[in-house]
Amino acid sequence: MKLKAFFPFLLIITAYFHVWGQEPPQTFKNPIISGYHPDPSICRVGDDYYLVNSSFVWFPGLPIYHSKDLVNWEQIGNAVTNPESVNFDGLKDRLGLFAPTIRHHEGVFYIINTCVGCKMNFYITAENPAGPWSDPIWLPQATGIDPSLFWDDDGKVYYTGTGPVKEKQWATQTVVYNQEIDLTTHQLIGERHELTNGHANNASYTEGPHIYKINGQYLLLVSEGGTEENHAMSVHHSDNINGPYVADIVNPVLTHRHLGKNYPTYAIGHGDLVQTQNGEWWAVMLGKRWKNGITTLARETFLAKVDFEGQTPIFNKGKGVVLSEQQRPDLPWTPVPALPVIDQFDKEQLAFKWCTIRTPKSPFYELENGTLKVKLRKEVMNSKTNSSILIQRLVDHDFEASTHLSFKTSKPNEHAGLTIYRTNENHFKLMKEKNSIVLIETFKGIDKEIARIPYKQKEIIFKAVAKDMMVQFYYGNSTSEMHPIGDKRSLIIIADEQGNAKFNGAGIGVYATSNGVDSKNEAVYDWFSLEGLKTNTEW
């Protein structure tokens with residue numbers, strides 16, 4: 001089925017009105033990057049801003065975004081693209097590429113990161129943030145997670161990280177440390193200095209450190225409390241890069257943990273500061289949003305204004321919380337083209353938004369004649385290996401996704417279709433089999449067949465419509481004749497907690513498998529559509 005003739009015109013018109021049709025707004029809305037975009041780190045080069053997020057076992061990893069105004073962001077690439085450079089095999093969905101830091105120095109971009117379950121800490125470099133990025137330069141001397149880099153005025157470079165405490169005074173105690181690093185020999189050198197355990201004598205999981213030099217004094221920004229309801233950010237000051245650091249009396253400088261469990265945004269923390277070319281200070285940080293009592297979009301990227309009173313950063317002065325809407329930065333309004341609702345698979349490469357889960361050992365898909373061809377392989381989604389899955393991040397609570405599939409098999413083990421994925425143990429699959437289509441819900445590792453309908457035709461359209469934290473699946477021969485399969489299902493399957501990793505997020509896309517048996521078959525997808533829905537949209 002071809003729906004493509006009208007799409008290019010529609011996308012041009014949509015992009016035109018999105019970019020040029022309105023006067024610049026005076027405010028912006030949070031989050032600035034919605035959906036699964038945790039642990040943001042930011043840097044400025046001239047009047048360009050670059051941001052990176054953690055990605056865990058999604059591959060390619062570490063998405064890179066660009067903006068001119070801190071509000072409109074466009075993905076320009078992924079930093080980890082070589083499947084031979086990292087190995088996610090056997091890793092749980094909550095492991096892999098943790099919180100990154102992006103910095104720029106003398107014409108070179110640096111991202112320093114931790115691959116938990118791999119070889120741990122490393123950094124990569126690029127002259128262009130869109131890539132290509134180098135393969136990882138591993139730092140076996142660096143312990144712990146959440147590394148950051150800081151260049152001091154004397155040219156020395158410092159590695160700041162989070163490490164374990166040998167003799168803990170409380171169960172969740174960690175320590176932030178720094179040490180000089182030689183980027184030529186890739187070695188940590190000199191003495192290691194412990195900087196802080198957090199601002200209080202029971203601070204939990206102090207992590208995510210960044211050092212800045214502001215008004216001649218060193219400022220250490222850290223996160224505490226874990227990445228849930230008690231998440232917070234605190235700052236510490238010193239006249240010496242290696243300390244001692246004194247906790248700011250205002251700490252925590254930003255948190256939502258005092259606002260109660262019904263406040264719409266929570267888990268605010270893990271921030272990074274940036275100063276604009278106009279002298280303003282802003283911060284990016286992660287946060288979560290409730291919807292009907294659950295969180296399905298995971299940790300997202302938020303933005304807040306920062307004013308300094310002395311050496312103390314005041315977040316959203318007079319408010320003290322991350323706002324859903326506020327005055328935008330004093331920067332030229334620079335919209336970016338809206339992402340196409342429909343992916344027609346007519347480019348030479350998949351769009352940056354598409355990812356697989358865990359690192360592929362060999363190519364399993366190709367773009368050909370305006371279609372996406374996915375090879376059936378014996379690996380399955382329920383395992384901790386790379387299967388034939390391609391997904392993109394969910395960025396709206398209410399959404400509609402659909403795809404056209406051409407697939408025929410004479411073997412009962414061969415399946416292809418649509419998936420909503422959170423982990424290998426929590427996901428939905430709407431699959432076409434030999435003579436039927438089947439909806440399977442996997443929750444906490446247990447598969448449950450929700451519905452099965454006889455179906456023998458080669459062509460089919462699958463659709464999922466999510467609204468009010470429920471999802472209804474459909475099938476049909478055309479977009480105008482769609483039929484529900486099964487009843488509405490709760491999106492608690494992909495929500496935080498519920499056996500899901502707290503760190504990663506949910507995606508939607510395509511999946512094909514031959515379930516443990518080698519196969520030469522392939523599933524052909526003609527297009528894939530994903531769009532957010534207005535709150536009053538009918539089922």
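Predicted model: local features only at pLDDT ≥ 70, side-chain atom pairs only at ≥ 80, totals over all residues.
**Strand S13 and its partners**

- Strand S13 covers residues 157-164, and because 7 of its 8 residues are buried, the strand is largely enclosed by the rest of the structure.
- On one side of the pairing pattern, S13 is joined to strand S14, residues 174-182, by 7 bridges, and these two strands run antiparallel.
- S13 also pairs with strand S12, residues 145-151, again in the antiparallel sense, here over 5 bridges, and within this pairing Trp-151 stands opposite Val-157 of S13.
- S12 and S13 form a hairpin with 5 residues between the strands, and in this hairpin Gly-155 takes a positive phi near 90 degrees.

**Strand S39 and its partners**

- Strand S39, which spans residues 507-513, is mostly covered, since 7 of its 7 residues are buried.
- Strand S30, residues 388-393, pairs with S39 in the antiparallel sense over 6 bridges, and Ile-389 has Tyr-511 in S39 as its bridge partner.
- Strand S32, residues 415-423, is likewise antiparallel to S39, with 7 bridges between them, and here Tyr-421 has Gly-507 in S39 as its bridge partner.

**Nonpolar cores**

- In soluble globular proteins, nonpolar side chains tend to be buried together.
- The largest nonpolar core of this model holds 43 residues, and those touching the most other members are Leu-394, Ile-420, Phe-473, Tyr-525 and Phe-528.
- When residues up to four places away in sequence are not counted, the contacts of Tyr-525 include Phe-345, Leu-372, Val-374, His-404, Leu-405 and Ala-416, and also Val-510 and Tyr-511.
- A second, separate core contains 38 residues, among them Phe-88, Phe-98, Ile-102 and Ile-111.

**The cavity**

- Counting cavities of 30 Å³ or more gives 1 cavity, and the largest cavity has a volume of about 50 Å³.
- Its lining is made up of Ala-79, Val-80, Thr-81, Asn-82 and Ser-85, together with Trp-133, Ser-134, Asp-135 and Pro-136.
- By residue type, the lining of the largest cavity divides into 4 nonpolar, 4 polar and 1 charged.

How values were computed
Residues numbered from 1 in each chain as written. Heavy atoms only, no water. 1 Å grid on protein atoms, 1.4 Å probe; cavity = no way out; pocket = protein on both sides within 12 Å on 5 of 7 lines; lining within 4 Å. Points joined across faces, edges and corners; volume = space filled by probe spheres on them. Nonpolar A, V, L, I, M, F, W, Y, C, P; charged D, E, K, R; others polar. Core = buried A, V, L, I, M, F, W, Y, C linked by side-chain atoms within 4.5 Å. Buried < 20%, exposed > 50% of the residue type's maximum accessible area, 1.4 Å probe, protein only. Contact = heavy atoms within 4.5 Å. Helix = DSSP H or I, 4+ residues; strand = E, 2+ residues; numbered from the N terminus. Pairing = 2+ DSSP bridges.
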